[in-house]
Each structure stands twice: as structure tokens, then as C-alpha cells.
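Subject: Structure handover

Hello,

Here is the structure I promised to pass on. Please open it first, then read my notes below.

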Amino acid sequence: MSALISTQSVSEHASASSCWIIVHGKVYDVTEFLPEHPGGSRIILKYAGKDATEAYDPIHPPDAITTHLPKEKHLGAVDPGTVVKVVKELTAEEVRRQELMAARPSIDEIVNLHDFEAVAKAILPAKAWAYYSSASDDEITIRENRAAYQRVWFRPRVLRDVSVVDWSTTILGQRSSLPVYISATALGKLGHPEGELNLTRAAGKHGVIQMIPTLASCSFDEIVDAAVPGQTQFVQLYVNRDREITKKYVQHAEKRGVKGLFITVDAPQLGRREKDMRMKFVDESGVAKVQENQSGVKKDEGVARAISSFIDPSLSWKDIPWFKSITNMPIVLKGVATPEDALMAYDYGLAGIVLSNHGGRQLDTARSGIENLIEVVEALKTRGPWPNPKFEVFVDGGIRRASDVLKAIALGASAVGVGRAFMYSFCAYGQEGVEKAFQIFRDELEMNMRLIGARTIDELSPDMVDASAIHSHAGLTPADNLYNTTYQPLALAQFKTKL
């Protein structure tokens with residue numbers, strides 16, 4: 001960065017042949033980057049010669065442009081004396097959203113995690129809601145993730161002294177005030193200006209472990225810097241095609257004090273998330289230059305595709321020894337679904353697995369984590385004592401109640417991951433919402449542990465639940481009215497005008 005640049009000068013570079021943009025008061029020449037942009041050139045050209053900060057922030061870490069754009073393309077800082085204050089004209093939709101924000105229920109009226117989702121659904125921009133709530137294909141798995149927990153029934157024990165109950169635990173050797181960790185979810189700033197920092201600050205205050213996502217809206221260092229001294233954080237990893245980038249990221253995370261590496265293994269290609277795709281259909285003017293005159297170009301991939309084209313589909317078991325060679329952090333595979341792969345993870349000397357189907361966003365009609373848990377635990381018992389202090393099994397997907405948490409632990413999980421529910425809590429109420437979500441879990445854990453006769457997490461056992469119907473996908477499970485109220489059914493393609 002050198003001399004100050006006037007906004008007038010920037011405005012003169014507003015074409016595909018010379019494209020400058022302003023981000024956070026700095027000017028960048030992105031002309032040569034246009035053909036490479038995962039979302040196509042059109043989205044950048046929309047802001048050519050202008051300040052693109054508002055559009056850039058929700059879907060990029062703050063350091064994305066400085067990291068990936070060559071230094072010679074960093075042109076300088078904007079001359080503040082030339083900046084003209086622009087009065088933003090609110091659209092009817094934005095006015096409506098502001099009115100809904102003002103009319104939100106008081107946070108004291110929020111009594112369960114479904115309430116957060118209902119509020120978030122009402123106040124989020126359409127693109128954000130589509131990205132957060134979407135799942136793959138017919139969205140059968142996302143609904144099954146929820147329904148599976150309701151096919152597991154409690155077998156409570158009575159006449160136990162439950163005057164004091166303790167739901168604290170350890171996760172990968174790290175103390176946690178809840179048997180729940182915050183699972184990685186991408187693009188927090190789509191739903192709130194502070195993004196993932198809402199989670200970091202609330203987690204630090206209440207002793208809950210946060211998993212930092214690779215695709216966060218906030219930078220990795222920004223999230224770590226927001227933590228309190230001694231706060232435990234894990235990191236989720238999408239493996240880059242360029243292994244040196246991956247190595248640098250992993251080793252930097254370890255140097256910053258991160259205590260666990262969760263490698264996502266169920267996303268060699270992204271699932272087709274149709275709600276998201278319909279929000280961003282790209283016409284011919286939005287196709288990247290390198291795609292011109294090509295057939296079969298994907299133009300309807302939505303936000304998810306735009307941020308994840310770097311993920312390496314060649315990732316395989318042969319890469320595990322390399323990961324173990326570059327870090328001393330315990331390594332967990334996130335996205336395991338079968339006993340066979342669970343045993344391979346154990347035999348490779350990893351620290352654990354997450355039984356996950358990516359929140360229903362990858363392979364539709366994949367079974368739920370809680371259903372897979374039963375078979376996986378039985379398989380792992382063949383490798384030694386159970387629970388095994390050297391290998392932990394986690395579950396995520398569909399968890400909305402403390403009763404779900406307790407069912408998973410009773411069936412052999414060490415702890416559970418919760419992603420969307422915490423995300424919706426900060427979309428609706430910021431950090432205060434996340435703290436309220438923690439309190440709801442605490443209140444429900446206290447009640448449920450007393451009612452089933454478990455005074456500590458260690459006292460939860462398989463004989464406290466009846467999972468005999470878990471494999472019955474067409475059972476007569478009572479309808480989950482709260483979940484069904486917030487679930488948005490898929491829609492078909494719409495005519496441009498009504499007849």
C-alpha cells in the first residue's frame with residue numbers, strides 16, 4: 001500500500017478490462033482475478049469502481065483478499081477526503097426485516113431451541129435462510145436426523161438421590177461445562193454482523209468448547225483472539241487441494257493453542273442444496289471467463305458452491321499418516337457413517353470420529369448419526385474395553401433438546417455437536433442468544449437427568465433407553481410439531497408471472 005487514492009480514480013476502473021474495488025478502505029485491482037472467482041465474474045463486476053465491503057464481509061474472512069491477491073494488486077488506501085457519504089435506500093424487504101427485528105419476542109420468552117429457529121427464519125435475509133436451512137436433494141435426511149431421536153425412548157430409574165446432578169464432562173481431555181460442543185457452521189455474518197464471534201464470546205464465558213469452521217465469515221485469528229485465556233477451541237478442516245496451504249493452516253492453529261483437529265471427510269463434492277441453489281441462479285453474464293463456450297457449466301450452485309471449490313476430492317486414507325506427521329493435535333474424522341470406517345479410524349490411531357451426515361446437506365437418505373451410533377459402538381467393542389479412553393465417538397445432526405443429548409450419550413457417544421441451533425440463536429439475538437441457548441440446555445439437562453435417574457454423565461447407560469425402533473424408518477412416531485413449524489418444505493421452479 002502506498003499513496004492515497006481518490007474514490008474518483010477508483011470509479012474510473014469499473015469494467016472487466018480494468019476492475020478496481022474498495023474493501024475496508026483499501027483499493028485492490030481484481031481484474032486478473034475475475035475469471036478465477038468461484039462465484040463468477042458478475043458478482044465482482046457489480047461493484048467495479050465501488051466500495052464492495054458490504055457485499056464482501058458476510059461471505060469472506062477479513063483476510064481473504066489480502067491473502068489470495070498478489071501484493072502488487074494491493075493499490076493503496078482510499079483518500080478519506082474524497083469519500084462521499086452514501087445514504088442507503090432501504091428496500092421494502094429490508095424495511096420489513098427491520099420491523100420484524102423490532103417486533104421480536106423478548107429473549108425471556110424464548111423457552112426452547114425451536115424458538116430461536118422460528119425467529120431467525122422470520123428475520124434473516126432470504127439468501128441467508130436458504131443457505132443455513134438447506135439440505136440436499138429431497139431433504140429426507142435432515143428430517144430423519146430429527147425424527148430418529150424420537151424413536152428412542154427412555155427407561156427411567158427411580159428412587160435415586162438426584163438432589164445434585166452434574167452434566168459437566170471432558171471432550172478430548174478438555175473440560176466442558178456441557179456434554180455439547182459448538183459444531184462448525186459456515187458464514188456466520190450472513191446472519192449477524194459479528195458472525196462467529198458471538199459463539200466465541202459466549203463459549204468463553206460459559207466454558208463450552210467451540211469448533212472453528214474453515215469457512216467462517218471471521219478470520220481464524222480473529223476468532224482465536226476473541227477467546228478468553230484458557231478457553232478451549234477445536235478447528236474443523238476442509239482439506240485444500242494445495243497441501244501446503246492445509247499444512248500451514250493446521251500448524252498455525254496448533255501454535256495458537258487449538259486443542260483438536262476435526263477433518264471433514266464426507267464432502268468430496270457438495271450435495272445439491274436446492275433452496276440455496278434457487279437463490280443464486282447465474283445467467284450467461286455471470287459465467288467466469290474460463291467457462292465461456294463450455295457445455296455443462298454449473299450455473300445454479302448457490303452460496304455453498306461459491307465458497308468451497310477448493311476442497312480436495314482426492315482425500316483418502318493414505319493421507320492420514322501425513323496429517324499425523326504435521327500436528328500433535330488429536331485428530332478426529334468428521335463425517336463417518338459406518339462401523340467399517342470407524343474401525344479403520346481406530347486402527348489408524350486417530351483420536352475419534354464424529355458420526356455425522358453433514359446436517360443432511362450431503363448424501364440424502366444417509367442414515368442419522370444416532371442410528372449409526374449403535375452399530376459403531378458394537379464394532380468398536382471388538383477393539384478393546386468400552387468406553388475406550390483412547391478413542392471417542394461424537395454425534396451431530398438434529399439435536400434440539402437435552403433429551404437428545406442424553407440419549408446419544410447413553411448409547412455410547414462421548415458428547416454431541418450442535419451447529420444450526422446455536423447459529424440460529426445468534427442470528428436471532430446475538431451473543432445473548434447463544435448464552436440463552438446454553439441456559440436452556442442446562443435447564444433441560446437438570447430436569448431430564450433427575451427424571452431418568454442419572455446424577456452424572458457417567459451414570460448414563462444403554463439400559464436407560466429403548467432404541468429397538470431406531471431402524472424403523474416408517475414407524476408411527478408422533479409428529480414433532482415444533483420442528484415441523486419451522487421446517488420450510490421444498491418448492492418447485494416458479495413461473496416468472498402468474499397467469
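Start at Thr53. Its side chain reaches the backbone nitrogen of His24 at 2.8 Å. That is a polar contact: a pair of N or O atoms within 3.5 Å, where, within protein, one must be able to donate a hydrogen and the other to accept it, and residues adjacent in sequence count only if both atoms are side-chain atoms. Thr53 has another partner, Asp51. Their side chains are joined by a polar contact of 2.6 Å.

A word on the source. This is a predicted model, in which local features need pLDDT of at least 70, side-chain atom pairs count only at pLDDT 80 or more, and totals for chains, interfaces and linings use all residues. Residues are numbered from 1 along each chain as its sequence is written, and side-chain values use heavy atoms, with hydrogens and water left out.

Back to Thr53. Where does Thr53 lie? It lies in helix 3, residues 53-56. Helices (H or I, at least four residues) and strands (E, at least two) are DSSP runs, numbered from the N terminus. Leaving aside neighbours within four places in sequence, Thr53 is in contact (heavy atoms within 4.5 Å) with Ile22, Val23 and His24. Is Thr53 buried or exposed? Thr53 is buried, because its relative accessible area is 14%. The cut-offs are these: buried is under 20% relative accessible area, exposed is over 50%, and partly exposed is in between, with a 1.4 Å probe and protein chains only.

Now the backbone. Leu159 sits in the loop between strand 5 (153-154) and strand 6 (169-171). Its relative accessibility is 88%, so Leu159 counts as exposed. Thr365 sits in the loop between strand 13 (352-355) and helix 16. Thr365 is exposed too, because its relative accessible area is 54%.

Look next at Trp386 and Pro387. A cis peptide bond joins them, with omega about 0°. Pro387 is in the loop between helix 16 (369-380) and strand 14 (392-396).

Last, the cysteines. Cys19 counts as buried, because its relative accessibility is 0%. Cys218 has a relative accessible area of 3%, so Cys218 is buried as well.

Best wishes
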